[in-house]
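Open the model in your viewer and keep the selection tool at hand. The tour below goes from one selection to the next.

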Amino acid sequence: MSETETEWDKFWKNFWSGTKPVIESSWCQHGRINQGVKTKITKVINIIISHHNSNFKIGKTGDSYIRTDQKDYRNDYHYMYLLYKSTSKDFVSYLEEYYIAKYLVSQPVLIQNKRVKAPGKKMYSYDGFYYLYLVCAD
């Protein structure tokens, strides 16, 4: 919860906009991108999508709290899994495109991403880190 957001504000936002997804960071990887890191992330993604067996989306953000607070995520997704953390926007952007391309082929029915390189807004970070994430509908 934001420092300026009261419980009352949170209640009304949840009431009118839906509950925000739960952020799970226990499987988050970090470090330079290499085959070992990509293998670990792939294993985590496969575990998550087999457990939930629901629609999912892969994305990137500089602030997971702000991203889950957006109306589209409040209405459509229940969980956000942080998969990778880095101070490099480029590392996170590369991994986002890599995994979207991979899962558009292997999970075309469940993945909600429509294209590999989606037009997006500039990514900003408030704590110096950028995140690759997966959100699930169930």
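Begin with helix 2 and helix 5, where helix 2 passes helix 5 in a right-handed crossing. This is a predicted model. To find the two helices, select residues 35-52 for helix 2 and residues 89-106 for helix 5. Their axes are 12 Å apart and the packing angle is about 50 degrees, so the two helices are oblique to each other.

Now show the side chains at the contact. Helix 2 contributes Lys38, Ile41, Thr42, Ile45, Asn46 and Ile49, while helix 5 contributes Tyr94, Leu95, Tyr98, Tyr99, Lys102 and Tyr103. Sorted by class, the contact has 8 nonpolar, 2 polar and 2 charged residues.

Stay on helix 5 and select glutamate 96 with lysine 60. Their side chains form a salt bridge, at 3.6 Å from N to O. Glutamate 96 is in helix 5 and lysine 60 is in strand 3, so the pair ties together parts 36 residues apart in sequence. Glutamate 96 is buried, at 14% relative accessible area, whereas lysine 60 is partly exposed, at 30%.

Next, select glutamate 97 and lysine 117. This pair also forms a salt bridge, with the closest N and O atoms 3.4 Å apart. Lysine 117 belongs to the loop between helix 5 and strand 5 and is exposed, at 63% relative accessibility. A search of the whole structure finds 4 salt bridges.

Finish at glycine 62, in the loop between strand 3 and helix 3. Is glycine 62 buried or exposed? With a relative accessible area of 4%, glycine 62 is buried. Its contacts beyond the neighbours within four places in sequence include Met123, Tyr126 and Phe129. The C-alpha atoms of glycine 62 and phenylalanine 129 are 6.2 Å apart, although 67 residues separate the two along the chain.

Terms used:
Residues are numbered from 1 along each chain as its sequence is written. This is a predicted model: local features need pLDDT of at least 70, side-chain atom pairs count only at pLDDT 80 or more; totals for chains, interfaces and linings use all residues. Side-chain values use heavy atoms; hydrogens and water are left out. Axes are lines fitted to C-alpha atoms, for helices over the stretch in contact, and angles run from 0 to 180 degrees between N-to-C directions. Helices (H or I, at least four residues) and strands (E, at least two) are DSSP runs, numbered from the N terminus. Angles under 35 degrees count as roughly parallel, over 145 as roughly antiparallel, 65 to 115 as roughly perpendicular and the rest as oblique. A crossing is left-handed if the near helix is turned anticlockwise from the far one by less than a right angle, and right-handed if clockwise. Contact means heavy atoms within 4.5 Å. Ala, Val, Leu, Ile, Met, Phe, Trp, Tyr, Cys and Pro count as nonpolar, Asp, Glu, Lys and Arg as charged, and the others, Gly among them, as polar. Buried means under 20% relative accessible area, exposed over 50%, partly exposed in between (1.4 Å probe, protein chains only).
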